[in-house]
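Visitor: I've got a model to go through. Can you walk me along the helix packing and the contacts?

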Amino acid sequence: MTISKEAFETQVLAILGRLDGVARRLTRNEADAEDLVAESITRAWRARASLADSGAFRAWIFRILSNTFISERRKTLARPREEPLVDESGDEEGAFSIFERLHQPFLLWFANPEQEFLDKLLREDLDRAIAALPEHYRVVVVLADVEGLTYGEIAEALDVPVGTVRSRLARGRNALQRTLWTVARDHGLQMPRAAGTRG
Amino acid sequence: MSETDDVGCEEALKRLVEFVDHELPGSEHDSVEQHLRICRNCCSRMEFERRLKERLSALSTEDAPSTTRDRVRDLIKKF
């Protein structure tokens with residue numbers, strides 16, 4: 001049965017904050033995010049017959065939002081722009097792990113520099129690191145780590161195989177940790193010994 | 001599972017992110033979990049990855065700005 005207008009509005013308003021959050025992280029711009037949300041909701045209403053199960057509303061509308069973002073970006077890419085939509089060539093500079101930088105196995109159990117590092121990070125540090133990710137990694141990191149979608153839901157949302165989600169997520173998290181490390185260094189948050197010896 | 005069945009650090013670390021994401025099939029999940037019980041270093045690494053994921057998850061916002069909420073309500077009225 002096709003969803004009613006009232007049920008559609010209720011479901012949209014219930015997750016509007018999260019839709020807006022994803023849109024802001026994808027577009028990195030409040031005005032563009034609001035437009036993206038509005039356009040996605042319009043497309044979702046037009047495609048409401050494709051919603052087989054109202055329990056799957058969240059994954060369904062995130063899929064429409066992701067597709068709308070990607071198709072809008074393709075249009076703008078017709079004009080010269082700074083960032084390619086998808087580049088699987090591997091723009092990482094090798095594996096990077098904050099844990100490996102900071103962990104000191106012979107410290108007493110109560111000393112835990114890697115957890116201290118996380119505790120000192122501000123919300124804005126995390127937001128900045130996500131915003132710095134290349135677009136194709138940012139999408140999967142936001143959907144998986146911020147919004148908690150499964151690999152299968154993300155694969156469906158982006159219309160890519162699960163293996164692609166897995167590899168983009170691995171590279172995206174790698175890049176995220178590298179950026180967080182830099183942000184922390186800029187704020188003087190890194191542990192002096194680890195930063196001095198390996199960073 | 002005996003210690004000889006232990007997957008070892010290299011295999012456990014390869015699967016750690018999927019373990020934290022609850023994306024491993026049952027038997028693989030159990031193998032990694034078993035290794036984490038006997039390896040302090042891998043367990044600490046898993047704990048770090050899990051807490052980082054929790055910090056990212058906490059960024060998810062429940063409320064949209066009132067301007068967006070009003071715009072969406074007006075939009076849906078016109079459908």
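This is a predicted model: local features need pLDDT of at least 70, side-chain atom pairs count only at pLDDT 80 or more; totals for chains, interfaces and linings use all residues.

Visitor: What angle do helix α9 of chain A and α10(A) pack at?
Guide: About 105°, with the axes of α9(A) (residues 151–158) and α10(A) 8 Å apart. Axes are lines fitted to C-alpha atoms, for helices over the stretch in contact, and angles run from 0 to 180 degrees between N-to-C directions. So α9(A) and α10(A) are roughly perpendicular to each other; that term covers 65 to 115 degrees.

Visitor: Which residues of α9(A) and α10(A) meet?
Guide: Tyr151(A), Gly152(A), Ile154(A) and Ala155(A) from α9(A) meet Val162(A), Val165(A) and Arg166(A) from α10(A). In contact means that C-beta atoms, placed from the backbone, lie within 7 Å. By class, this contact has five nonpolar residues, one polar and one charged. Nonpolar covers Ala, Val, Leu, Ile, Met, Phe, Trp, Tyr, Cys and Pro; charged covers Asp, Glu, Lys and Arg; the others, Gly among them, are polar.

Visitor: What is the mean pLDDT of chain A?
Guide: The mean is 84, and 83% of the residues of chain A reach 70 or more. pLDDT is the predictor's confidence in each residue, from 0 to 100. Over residues 194–199 of chain A it stays under 50. For that stretch the model has ten contacts beyond four places in sequence.

Visitor: How many helices and strands in chain A?
Guide: Eleven helices and zero strands. Helices are DSSP runs of H or I, at least four residues; strands are runs of E, at least two; numbering starts at the N terminus.

Visitor: Where do the domains of chain A fall?
Guide: Domain 1 is 5–77 and domain 2 is 98–198. The bounds come from an automatic or database domain assignment. Their C-alpha centres lie 26 Å apart. Nine residues of domain 1 and twelve of domain 2 make the contact.

Methods. Residues are numbered from 1 along each chain as its sequence is written. Chains are lettered from A and ligands numbered from 1 in the order in which they are written. Two residues are in contact if their C-beta atoms, placed from the backbone, lie within 7 Å. Angles under 35 degrees count as roughly parallel, over 145 as roughly antiparallel, 65 to 115 as roughly perpendicular and the rest as oblique.
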